[in-house]
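I am opening these notes to record what I looked up, entry by entry, beginning with the terms I rely on.

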Amino acid sequence: MKLPAQGRAPEELFAEMHRRKEEDADWRAGRTFSLVYPAGDEVDEVLRQANELYMFENALNPLRFPSLKSMERDVVEMTGAMLHAPEAAGGCLTSGGTESILLAVKTARERARLDRGVTDPVMLAPVTAHPAFAKAAHYFGLEHVQIPIGADLRADVAAAEALIGERTAFMMGSAPNYPHGMIDPIPELAALASERGIHFHVDSCLGGFQLPFWERLGEPIPPFDFRVPGISTLSADVHKYGYCTKGASVLLHANKDVMQLRQAFIYHEWPGGIYGSLAMAGARPAAPIAAAWAVMNYLGEEGYLRLAQAVRDTTRALQKGIEAIEPLQVVGEPAMGVFAFRSTSDAVDVMAVGDGMDDRGWCLDRQHGPDALHLMISPEHAKVVETFLADLHTCVSDAGKARGVEARYS
Ligand SMILES: Cc1ncc(COP(=O)(O)O)c(C=O)c1O
């Protein structure tokens with residue numbers, strides 16, 4: 001497409017955009033299981049107004065927009081308090097989980113280089129860690145070494161210990177990880193790292209706004225937040241289970257000084273004046289800061305607890321229904337509403353089941369090791385439990401028939 005010679009009428013543009021959008025995933029109908037985390041019309045309206053109020057501002061210079069500075073500080077403080085950050089903690093808002101992770105790895109590399117003289121740093125991360133860690137190692141020149149997982153699908157602590165060396169600059173664990181929703185042994189990994197002066201990060205991009213409320217609902221959540229000694233940084237995404245529109249994650253530091261000295265970038269060797277920034281971006285959209293502040297204050301503890309209960313109940317109903325369809329099985333023992341399911345029989349290919357579900361308008365991510373279909377539950381999925389399970393049953397029967405086997409409810 002070339003820039004049109006003459007501008008086009010807004011009605012024509014919006015008609016075309018609506019037409020193009022018809023091809024997109026129908027997440028409002030509850031048929032998409034990642035990427036968008038809908039929490040209902042009232043939350044949508046708050047987000048819409050907050051985004052509109054701050055559509056044009058720029059969060060690069062907090063001196064020009066003090067309202068953005070104060071809202072960012074509030075979001076960081078509220079998230080820190082929820083995750084038991086210590087008195088000396090600090091943090092910042094980033095554009096998403098990936099940017100929080102990039103900044104944590106960059107901080108660790110600087111700490112290892114400046115504090116320990118490590119010039120060829122290594123990053124240790126479980127095989128189940130999100131690809132953002134591999135991306136960070138790639139961008140910032142760390143060697144990426146994978147920690148194997150045990151039979152329980154969590155990082156193998158003994159294997160991690162054996163991999164630690166003089167060059168280890170960064171270690172991490174997920175709370176929980178994306179593929180199986182499992183929480184790594186955070187206290188054990190954090191102890192291994194901190195005893196050796198190694199930066200330890202908890203990736204709670206998925207869990208940061210969900211696990212504290214599952215814990216309050218009485219679910220057995222293993223230790224994962226700053227109550228565990230030895231955690232250097234933790235990422236928690238407001239644009240996932242914080243229910244914010246895209247562009248908002250919180251990176252928390254146990255020690256604010258580390259953030260100022262090892263994360264921040266300050267430059268004045270040019271005629272344009274002093275330039276300082278904590279984030280990767282220069283100009284930063286203001287709307288995600290406003291939307292994060294608005295949705296957190298709108299929902300409050302009561303709202304997040306109510307939504308967590310809806311996610312927990314929907315997750316349990318789906319897991320029970322899935323396991324009642326032979327030969328499907330939930331993978332591992334997921335900690336919250338993020339999980340995968342597999343087929344325990346060669347007679348039913350779970351990927352063929354996924355194709356059948358695609359044909360019925362569901363969007364399930366595929367994964368391997370083991371082959372499985374992936375679900376991430378939002379409050380809005382409560383309304384699709386029965387249709388989902390009925391379609392799944394049909395697709396399992398069809399996949400079985402294709403191989404000459406009749407699948408059935410157990
Ligand atoms: C566990 C985990 N960490 C990090 C990320 C990266 O987050 P983002 O997509 O916001 O960059 C994700 C994304 O799904 C994730 O599941």
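Predicted model: local features only at pLDDT ≥ 70, side-chain atom pairs only at ≥ 80, totals over all residues.

Residues are numbered from 1 along each chain as its sequence is written, and side-chain values use heavy atoms, with hydrogens and water left out.

**Entry: His199**

I looked up His199 and placed it in strand E5, residues 199-203, with helices (H or I, at least four residues) and strands (E, at least two) taken as DSSP runs numbered from the N terminus. The side chain of His199 makes a polar contact with the side chain of Arg111, at 3.1 Å. I count His199 as buried because its relative accessibility is 2%, given that buried means under 20% relative accessible area, exposed over 50% and partly exposed in between, with a 1.4 Å probe and protein chains only.

**Entry: the ligand**

Which residues are the closest to the ligand? I found 13 residues surrounding the ligand, and the closest are Gly97, Thr98, Asp203, His239 and Lys240; a residue is near a molecule if one of its heavy atoms lies within 4 Å of it. Helix H4 (residues 97-116) gives the largest share of this shell, three residues. By class I noted five nonpolar, five polar and three charged residues in the shell.

Of the 390 Å² of accessible area that the ligand has on its own, the protein covers 83%, with areas from the Shrake-Rupley method and a 1.4 Å probe.

**Entry: cis peptide bonds and positive phi**

I kept in mind that most residues other than glycine have a negative phi, and that most peptide bonds are trans. Against that background I recorded a cis peptide bond joining Ala175 and Pro176, with omega about -5°, and Pro176 lies in the loop between strand E4 (168-174) and helix H7 (186-195). A cis peptide bond also joins Gly369 and Pro370, where omega is about 0°, and Pro370 lies in the loop between strand E12 (365-367) and strand E13 (372-376).

Leu153 has a positive phi of about 70° although it is not a glycine, and I located Leu153 in the loop between strand E3 (143-147) and helix H6 (157-163). Is Leu153 buried or exposed? Leu153 is buried, since its relative accessible area is 14%.

Tyr243, also not a glycine, has a positive phi of about 65° and sits in the loop between strand E6 (233-237) and strand E7 (249-253). Tyr243 counts as buried at 2% relative accessibility.

**Entry: Glu11**

I ended with Glu11, which lies in helix H1 (residues 10-21) and is exposed because its relative accessible area is 60%. The C-alpha atoms of Glu11 and Val238 are separated by 34 Å, and the two residues are 227 residues apart along the chain.

Definitions and conventions
Nonpolar A, V, L, I, M, F, W, Y, C, P; charged D, E, K, R; others polar. Polar contact = N/O pair within 3.5 Å; in protein donor to acceptor, adjacent residues only side chain to side chain.
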